[in-house]
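Trainee: I would like to learn how to read pockets and sheets in a model. Could you walk me through one, please?

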Protein chains: 2
Amino acid sequence: MKQIKEAFLQFIEFDEDSMNEFVSRYSKKVFSKKEIIQKQGVVNDSVYFINKGLIRAFTTDLDGAEHTCFFAMENKFVSDYTSFLTNKPGSYSLQALEDTEVVVMSKDEITESYGTSLEANMIGRKIAEHYFIFFDTRIQDMLLKTPLERYNDLAEALPNIHQRVPQHMLASYLNISAVHLSRIKGI
Amino acid sequence: MKQIKEAFLQFIEFDEDSMNEFVSRYSKKVFSKKEIIQKQGVVNDSVYFINKGLIRAFTTDLDGAEHTCFFAMENKFVSDYTSFLTNKPGSYSLQALEDTEVVVMSKDEITESYGTSLEANMIGRKIAEHYFIFFDTRIQDMLLKTPLERYNDLAEALPNIHQRVPQHMLASYLNISAVHLSRIKGI
């Protein structure tokens, strides 16, 4: 549980005993490459912290086309967080793109800690803020940045993503064609 | 300050003395119809709670075209929250579409309360979650809902928006043409 403790410490200060008690309630789980972790249309009741591996979130639209919406790798939290918060069927599928080990934080455990713990609320606030910024920036970048700028931002945020993810998924994430993506990479 | 107290009470329980102390630090401000409250490119250091009126957020894209991104009316919080959280120049302009009265919550006041107050962190967490859900749903609805469904959702969330906002701004928000919007309204 070393990695998730370090991730929490980036959000807030935490004395060692409280931290150990806090993480003791969570368990690990392993998913194989290509395995679906969470299916679109199903209520999502967990937040996952990635110890090792890579997860893709995608949505199948009204016409049956698949859109890659975001990626998450080591030391990041991932969830269909809207479904988690609202208890409504999720609009994302989550898929392991490599053999992946996660720490599973269930809704019941998280909700319980919010009732009593200042630290849990601080962490919950910071995680919600973090994902708010990520989604807002994603919407705004489509208006305010060129595909090349968005490609470079992705490479900066997730350094070796281009070696780990099929090109058609990267193109889908960037909302450009595969041909456009190869042209950008050739620059 | 009656309205903002009621809004806070929808998020969490709050005893009257703590609540009065909590809201006493905030002040009111009035904006005229068409006034720009916050300008794209400038760091935003406030969250506004709307007592009366209507505010539009819009972004001017790389080609100089204006996109209406969201609306907020009475009893809602509004901000360029990414800019507020990151201290980076904002990507939204906020404009009053009617004479508008707000409660201004400054970054300094909010940050101070996060250091000590469980309630402040709960409220901060719930506001961040609320806006996360709003932005995530907005992205996903573009993939998963028809323009008619999105039009009806907007009418449900902000009941009299169609009488209060120029049609071209509504069309821009829905990401459809003004002609498409009149066709939908004719159904």
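Mentor: Gladly. Keep in mind that this is a predicted model. Let us begin with a pocket in which one helix stands out: α5(B) gives the most to the lining of the second largest pocket, with ten residues.

Trainee: How does one find such a space, and what is the volume of the second largest pocket?

Mentor: Rolling a probe the size of a water molecule over the atoms shows where empty space is left. Here the second largest pocket has a volume of about 1100 Å³. Its lining counts 34 residues, and those closest to the centre are B:Ile133, B:Phe134, B:Thr137, B:Arg138 and B:Asp141. Two or more lining residues come from each of β5 (66-73), β6 (77-78), α5 (118-144), α6 (147-157) and α8 (167-174) of chain B, and also from α3 (81-86) of chain A.

Trainee: What classes of residue are in the lining of the second largest pocket?

Mentor: There are 15 nonpolar, nine polar and ten charged residues.

Trainee: And which residues lie nearest the centre of the largest pocket?

Mentor: They are A:His130, A:Ile133, A:Phe134, A:Thr137 and A:Ala157, out of 43 lining residues. The space in the largest pocket comes to about 1500 Å³. The largest share, 14 residues, is from α5(A). By class, the lining of the largest pocket holds 18 nonpolar, 13 polar and twelve charged residues.

Trainee: Now the sheets. What is the strand order of the open sheet in chain B?

Mentor: For a sheet, read the order of the strands, then their direction. In chain B, four strands form an open sheet in the order β1-β8-β3-β6, with antiparallel pairing. β1 (27-31) and β6 of chain B have a single partner strand each, so one side of each is left without a neighbour in the sheet.

Trainee: How many bridges join β3 to β8 in chain B?

Mentor: Six bridges link β3 (residues 46-52) with β8 (residues 100-106) of chain B, and the two run antiparallel. Within β8(B), B:Val104 is the residue opposite B:Tyr48.

Trainee: Which helices lie across β3 and β8 of chain B?

Mentor: Helix α1 (residues 2-11) of chain B lies across β3, β6 and β8 of that chain, at about 115° to β3(B). Helix α4 (residues 107-116) of chain B lies across β3 and β8, and runs at about 50° to β8(B).

Key. Residues numbered from 1 in each chain as written. Chains lettered and ligands numbered in written order. Predicted model: local features only at pLDDT ≥ 70, side-chain atom pairs only at ≥ 80, totals over all residues. Heavy atoms only, no water. 1 Å grid on protein atoms, 1.4 Å probe; cavity = no way out; pocket = protein on both sides within 12 Å on 5 of 7 lines; lining within 4 Å. Points joined across faces, edges and corners; volume = space filled by probe spheres on them. Nonpolar A, V, L, I, M, F, W, Y, C, P; charged D, E, K, R; others polar. Pairing = 2+ DSSP bridges. Contact = heavy atoms within 4.5 Å. Axes fitted to C-alpha atoms, helices over the stretch in contact; angles between N-to-C directions.
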